[in-house]
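The tour goes stop by stop, with something to select at each one.

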Amino acid sequence: AACPHRHHSRERMDIGEHCSHPSCGRRDFLPFKCDACDNTFCLEHRSYDAHECAKAAGHDRKVIACPVCLQRVPLVTGEDVNVTFE
């Protein structure tokens, strides 16, 4: 006898999105949307560097934790960490 819920397997196949990286295309069930280029990526290609995002300038924000108070401080690209804390 055929399963009355056979249509569910087809619905499951529509979950997730394909990675936009040209060499990947993997279907990811928890995809990441790039806040710079708006494309969707898998875990491996989610970072700006991994998908070589052309629109990442100004979006890549890194922070470091102060060793004394543990407050997060934005790291300025190219700036020495010691200068940031001063």
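Select His51 and Ser47. The His51 side chain reaches the backbone oxygen of Ser47 at 2.8 Å. That is a polar contact: a pair of N or O atoms within 3.5 Å, where within protein one must be able to donate a hydrogen and the other to accept it, and residues adjacent in sequence count only if both atoms are side-chain atoms.

A word on the model before moving on. It is predicted: local features need pLDDT of at least 70, side-chain atom pairs count only at pLDDT 80 or more, and totals for chains, interfaces and linings use all residues. Residues are numbered from 1 along each chain as its sequence is written, and side-chain values use heavy atoms, with hydrogens and water left out.

**Around His51**

Stay on His51. It sits in the loop between β4 and β5. Is His51 buried or exposed? It is buried, at 10% relative accessible area. The classes are: buried under 20% relative accessible area, exposed over 50%, partly exposed in between (1.4 Å probe, protein chains only).

Now show the surroundings of His51. Setting aside neighbours within four places in sequence, His51 is in contact with His21, Cys34, Cys37, Phe41, His45 and Arg46. Contact here means heavy atoms within 4.5 Å.

Cys34 is buried, at 4% relative accessibility. Beyond its neighbours within four places in sequence, Cys34 is in contact with Asn39, Phe41, Tyr48, His51 and Cys53.

Next, select Cys19, Cys34, Ala36, Cys37, Phe41, Cys42, Tyr48, Cys53 and Ala56. These nine residues form the largest nonpolar core. Such a core is a set of buried Ala, Val, Leu, Ile, Met, Phe, Trp, Tyr and Cys residues joined through side-chain atoms within 4.5 Å.

Check two cases with the distance tool. For Cys34, the closest cysteine sulfur is in Cys37, 3.6 Å away, too far for a bond. For Cys53, the closest is in Cys34, at 3.9 Å, also too far for a bond. Cys53 is buried, with 13% relative accessibility.

**Asp35 and Tyr48**

Step to Asp35, in the loop between β3 (32-33) and β4. Asp35 is partly exposed, at 47% relative accessibility. Not counting residues up to four places away in sequence, Asp35 touches Tyr48 and His59. The side chains of Asp35 and Tyr48 are joined by a polar contact of 2.4 Å.

Asp35 and Lys55 are 20 residues apart in sequence, and their C-alpha atoms are 9.2 Å apart in space.

**A salt bridge**

Select Glu44 and Arg26. Their side chains meet in a salt bridge, 3.2 Å from N to O. Glu44 lies in the loop between β4 (40-41) and β5 (62-65), and Arg26 in the loop between β1 (17-18) and β2 (27-28), so the pair ties together parts that are 18 residues apart in sequence. A salt bridge is a side-chain nitrogen of Lys or Arg within 4 Å of a carboxyl oxygen of Asp or Glu. A search of the whole structure finds one.

Colour the pair by accessibility. Glu44 is exposed, at 51%. Arg26 is partly exposed, at 42%.

**Two positive phi values**

Most residues other than glycine have a negative phi. Select Asp38, in the loop between β3 and β4. Its phi is positive, about 70 degrees, although Asp38 is not a glycine. Asp38 is partly exposed, at 49% relative accessible area.

Then go to Glu52, in the loop between β4 and β5. Phi of Glu52 is near 50 degrees, again a positive value in a residue other than glycine. Glu52 is exposed, with a relative accessible area of 68%.

**Zoom out**

Switch to cartoon view. The protein has two helices and six strands, in the order α-β-β-β-β-β-β-α from the N terminus on. Helices (H or I, at least four residues) and strands (E, at least two) are DSSP runs, numbered from the N terminus.

Of the 86 residues, 20% are buried. Among contacts between residues at least 6 apart in sequence, 6% join residues at least 24 apart.

Note on methods:
Disulfide = S-S within 2.5 Å.
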